Amino acid sequence: MTTRLTVAQALVRFLTVQHTERDGERRRLIGATWGIFGHGNVAGIGQALVEYAGVMPYHQGRNEQSMVHAAVGYARQCGRLSAHAVTTSIGPGATNLVTGAALATVNHLPVLLLPGDVFATRPADPVLQQLEVPYAGDVSVNDTLRPVSRYFDRITRPEQLIPSALAAMRVLTDPVETGAVTLALPQDVQAEAYDWPEEFFAERVWTVRRPGPDPVELARAAAAVRAARRPLLVAGGGVRHSRAEAALAAFAEATGIPVASTQAGKGALRYDHPQDVGGIGHTGTATADELARTADLVIGVGTRFTDFTTASGTLFQHPDVRFLHLNIAPHDAHKLAALPLVADARTGLEELTGALAPYKVDGAYADEYTAGKERWEQRVDACFASPDPDARPTQPQVLGALDALVDESDIVINAAGSLPGDLHKLWRARSRDQYHLEYGYSCMGYEIPAALGVKLAAPEREVWALVGDGTYLMMPTEIVTAVQEGVAIKVLLVQNHGYASIGGLSAAVGGERFGTAYRFRTEEGTYTGAPLPVDLAANAASLGMRVLRAGSVRELRAALAEARAADTPTCVYVETETSDTVSGAPEAQAWWDVPVAASATRTPAVTAREQYERHVSTRRRHL
């Protein structure tokens, strides 16, 4: 039997009956569709969404990149078991997807992209917004999505949708391959009718696998751990994707091995767990980084070991250090010449725990990291403390005020600027998913739309978007969507009048903070003097958000409490104290490789180069 539908109608109907299943939990794979309509999708996907409005929820976005960020936030909160689709028009609507697609793919988070495309039959050539490529008739701007997609296809014939849609679902649900999946849809093909086999619309369940480790690799891994005297485990985002937090806690408690975390892995253990030693790498804690410098075995679980985590190859200094990587992706499991343990994080940890019994680290080593953990908590307390409640807060004091208010049900979201470093060092994660940092791509503008997606996935929880002034100016548009749909996200907007993180980096590498402050330009071309008369609180209010201004620590505490209790989208706006004489977060605990000009006449750059050469001389390749 067949059913006559347009290509767009068939695709939407198909998406409504796709499901995932893991550990007996079944979820709908595509929970909703985001869209901004133009001539490339309004008559196709737009009409189909009207046709199936009763079974396919729709969210109206304001910026195509923001829609992908919202979808990514939703997918991460759902443990990658459910995702959203995003539809756009052709041309700029489609190319605006590229940054969001890259973010999704870098972080292994599923999102289905459905950009409109130019006519397949070419009755109008060129059509509005078409990029003409003289040497290739089958290229459009959508091809920019190929390198940032885990699967890409252009549907030029109706029947082509059947194998392509199935392939798209396979990739979205594959824990190794998942990321952005793109089905480019020519606008004429979207509206074309076809007789579809009924089997295409049958309910399908895609099993999210938990592969176990190879017995030989498991035996080698256990032997390596038993031989270690100073092992350190680095928990990455894969622990959280796998829902392996309980298995990690059991492993840590059974072995006594301390656990450091990447930005994506923070929260895999609660901050007060005896084996949790905090963040690792350039933005890590002194405790974790000191342990890393002396570790003879580094056990990576679900981490890609980026240069922030490894401190660009200078952090792990033990002359005989070895690596053991438990990762579901073979590509990541073999990094740093590691012993690979290719498996799902939860399954692998459970089997490795069993294979190690009754291994336990030396008591003196446990005493050492326990004391280091206590010293770091004292430093956190000092950073959070506010001796004068009527003074303007520092950024760590802003975090301290929020830390004192939230409980384990709250979720904090951040992505770029100086906040990720402060959060990684200082935030006390109380639950496995409270800490939501997008640092794989570190994309400014992610926070507000991601908060919207997270809140849609967890409407019963309080969701905070922590946003600096720089990232706010990049992408505040989804505030309008939050207001329109009544999604009560909370935005903590921190104003420090410039790019604080990159400004500090600029100063450190000889760039003299050029172009990093929001200040008036002088005749000499520098940017000094008074801050610009920009009122971001008024801007947020103009987009429909309720705004609470806080001028002191005391006012901030009251505003945060009022915002948390609100049932409407609410923004807390605070200016921070940025003077060099005011105490802030602890400095970086490990060096990060940012190349410095090898030839310069200005003293700051010359000095920075001398320091760079001293640091880079300690870099090593782990072979």
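This is a predicted model: local features need pLDDT of at least 70, side-chain atom pairs count only at pLDDT 80 or more; totals for chains, interfaces and linings use all residues.
## Salt bridges across the chain

Let's begin with the charged side chains. The structure holds 35 salt bridges. One of them pairs aspartate 117 with arginine 154, and their closest N and O atoms are 2.7 Å apart. Aspartate 117 belongs to strand 7 (residues 111-117) and arginine 154 to strand 8 (residues 151-154), so this pair ties together parts that are 37 residues apart in sequence. Both aspartate 117 and arginine 154 are buried.

## Two more pairs to find

Arginine 157 sits in the loop between strand 8 and helix 6 (161-172), while glutamate 192 sits in the loop between helix 7 (187-190) and strand 10 (193-197), so the bridge ties together parts that are 35 residues apart in sequence. Arginine 157 is partly exposed, at 40% relative accessibility, and glutamate 192 is partly exposed as well, with a relative accessible area of 28%.

Another salt bridge joins the side chains of glutamate 377 and arginine 428, at 2.9 Å from N to O. Here glutamate 377 is part of helix 15 (residues 363-384) and arginine 428 is in the loop between helix 17 (419-426) and strand 19 (435-437), so the pair ties together parts that are 51 residues apart in sequence. Glutamate 377 has 22% relative accessibility and counts as partly exposed. Arginine 428 has 11% and counts as buried, because buried means under 20% relative accessible area.

## A buried alanine

Now look for alanine 260 in strand 13 (residues 259-261). Is alanine 260 buried or exposed? Its relative accessible area is 0%, so alanine 260 is buried.

Leaving aside residues up to four places away in sequence, alanine 260 touches Leu232, Leu233, Val234, Ala235, Val277, Gly278, Ile280 and Ala288. The C-alpha atoms of alanine 260 and aspartate 289 are separated by 8.6 Å, and these two residues are 29 residues apart along the chain.

Phe37, Val42 and Tyr58 make a nonpolar surface patch of about 240 Å². Phenylalanine 37 lies in the loop between strand 4 (30-35) and helix 2 (45-51). With a relative accessible area of 34%, phenylalanine 37 is partly exposed.

Note on methods:
Residues are numbered from 1 along each chain as its sequence is written. Side-chain values use heavy atoms; hydrogens and water are left out. Patches are made of residues with over 30% relative accessible area and no salt bridge: like charges are joined within 9 Å, nonpolar side chains (Val, Leu, Ile, Met, Phe, Trp, Tyr) within 5 Å. Accessible areas come from the Shrake-Rupley method with a 1.4 Å probe; for residues, only the protein chains shown count as cover. A salt bridge is a side-chain nitrogen of Lys or Arg within 4 Å of a carboxyl oxygen of Asp or Glu. Helices (H or I, at least four residues) and strands (E, at least two) are DSSP runs, numbered from the N terminus. Buried means under 20% relative accessible area, exposed over 50%, partly exposed in between (1.4 Å probe, protein chains only). Contact means heavy atoms within 4.5 Å.
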